[in-house]
Amino acid sequence: MTLTLTHYLVLSAILFSIGIAGVLRRKNLLMLFFATEIMLNAANIAFAAISSYIGDLSGQMFALFIIAIAASEVAVGLGLLILIYKKYGTLDLDKFTVMKG
Amino acid sequence: MEAVAFYIFAVLITGLFLITAMSKNILYAMSSLAAGMVLISGLFFILGADFLGAVQLVVYSGAIMALYAFGMMFFDATRDVKEKNSSGAVVFLLSGLSAVILVAIFAAPSIGKGIKPLVTGAAGVDNPHAIGEVLFTKYLIPFEVAAVMLLVAMIAGIILASKKMDKSLSEVYVDALPEVEEKEQK
């Protein structure tokens, strides 16, 4: 049994849906960040698989840039998280509701 | 042989990421995320993307997870996170549907017949060599922009995290609590 591109795309879809489910149901900001990392990784798998099966290096380039973007996102995001934690003493999203509606 | 490795990696990655998305403990979530990222680099090696696998190991499971680990020292990581979850079934349905649609939309062109590779890289060299040649010719400007972006992110991270660094966190925390409570009472 040989591996096809579909195997990788199905795996990528599964991981991506896990990430989206995490983003939708998580209420803790740090956990939300973890879920976004899962989604980025799923996209990376799809990029690398398509790139490898078609023989085009652009997909791997995109995956590299996604990794760079993820690194800077984590640096800025963690700084913001630390600020929020210092201000409110919690990372719970429900505690940040300022508007009364 | 490759198929066996792929299935082992796929099952392990899915399980570990499920733990990350569902666990109540931040520490468990973070360690399973790190383990999953190491295994994803295994997938890249199977695909022949050696350079990408090495970058995944170094940057993702090295730098990013270390950053999270350091960031967690600021937060209370030993306590379980309490989350108020409503309508779990709807969330799962929505996320599954949207993910399948997204992946179908973006992956459908790649399964088509008349696709020709545009950037093939140099022939007869190994993957890191080919990637280097493409990265420093066709993708040179995005590469430089990414470098500037990383610099900006580093400065932003330093400035954001070092605000009020002279006060201890517990001190700030005690000061901040009454404010929150007052807001809630209003």
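**View 1. Chain B, from end to end.** From the N terminus on, chain B runs α-α-α-α-α-α-α. That makes seven helices and zero strands. The model shown here and in every view below is predicted. Chain B has 186 residues, and 20% of them count as buried. Take the contacts in chain B with a separation of 6 or more: residues 24 or more positions apart account for 47% of them.

**View 2. Helices H2 and H3 of chain B.** H2 of chain B covers residues 26–47, and H3 of chain B covers residues 50–72. Their axes lie 7 Å apart. The packing angle is about 170°. An angle over 145 degrees counts as roughly antiparallel, and H2(B) and H3(B) are therefore roughly antiparallel to each other. On the H2(B) side, the residues that meet H3(B) include B:Ile26, B:Met30, B:Ala34, B:Met37 and B:Phe44. On the H3(B) side, B:Leu52, B:Gln56, B:Leu57, B:Tyr60 and B:Met65 are among those that meet H2(B). By class, this contact has 15 nonpolar, four polar and one charged residues.

**View 3. Helix H5 of chain B and its buried side.** H5 of chain B spans residues 127–135. B:Asn127, B:Ile131 and B:Val134 are buried in this helix. These residues cover an arc of only 65° around the axis, so they sit on the same side of H5(B). What covers the buried residues of H5(B)? The cover includes H3 of chain A together with H3 of chain B.

**View 4. Chain A, from end to end.** Chain A has three helices and zero strands. Its order from the N terminus on is α-α-α. The C-alpha trace spans about 55 × 25 × 25 Å along its principal axes. The radius of gyration of chain A is 17 Å, whereas a compact globule of 101 residues would have one near 13 Å. Of the 101 residues of chain A, 56% count as buried. Among the contacts in chain A with a separation of 6 or more, 46% come from residues 24 or more positions apart.

**View 5. Helices H2 and H3 of chain A.** H2(A) and H3(A) pack at an angle of about 175°. Their axes are 9 Å apart. H2(A) and H3(A) are therefore roughly antiparallel to each other. From H2(A), the contact includes A:Leu29, A:Leu30, A:Phe33, A:Glu37, A:Leu40 and A:Phe47. From H3(A), it includes A:Ser58, A:Gly59, A:Phe62, A:Ala63, A:Ile66 and A:Leu81. By class, the contact of H2(A) with H3(A) has 14 nonpolar, six polar and one charged residues.

View 6. A:Ala63 is found in helix H3 of chain A. Is A:Ala63 buried or exposed? A:Ala63 has 25 other C-beta atoms within 10 Å, and 20 or more make a residue buried. A:Ala63 is therefore buried. Leaving aside neighbours within four places in sequence, A:Ala63 is in contact with A:Asn44, A:Phe47, A:Ala48 and B:Leu52. B:Leu52 is also one of the H3(B) residues that meet H2(B). A:Leu40 is 23 residues from A:Ala63 along the chain. The C-alpha atoms of A:Ala63 and A:Leu40 are separated by 9.1 Å.

**View 7. A:Thr4, in close-up.** A:Thr4 lies in the segment before H1 of chain A. A:Thr4 has 13 C-beta neighbours inside 10 Å, so it counts as partly exposed. A:Met31 lies 27 residues from A:Thr4 in sequence. In space, the two are 33 Å apart, C-alpha to C-alpha.

**View 8. Where chain A touches chain B.** Here, 67 residues of chain A are in contact with 79 residues of chain B. Which helices of chain A each supply at least two residues of this side? They are H1 (5–25), H2 (29–54) and H3 (58–88). The largest share, 24 residues, comes from H3(A). By class, the residues of the side of chain A that touches chain B divide into 44 nonpolar, 15 polar and eight charged.

Technical notes: Residues numbered from 1 in each chain as written. Chains lettered and ligands numbered in written order. Predicted model: local features only at pLDDT ≥ 70, side-chain atom pairs only at ≥ 80, totals over all residues. Axes fitted to C-alpha atoms, helices over the stretch in contact; angles between N-to-C directions. Helix = DSSP H or I, 4+ residues; strand = E, 2+ residues; numbered from the N terminus. Parallel < 35°, antiparallel > 145°, perpendicular 65-115°, else oblique. Contact = placed C-beta atoms within 7 Å. Nonpolar A, V, L, I, M, F, W, Y, C, P; charged D, E, K, R; others polar. Rg over C-alpha atoms; globule rule 2.2 N^0.38 Å. Buried ≥ 20, exposed ≤ 12 C-beta atoms within 10 Å, placed from the backbone. Arc of directions from axis to C-beta.
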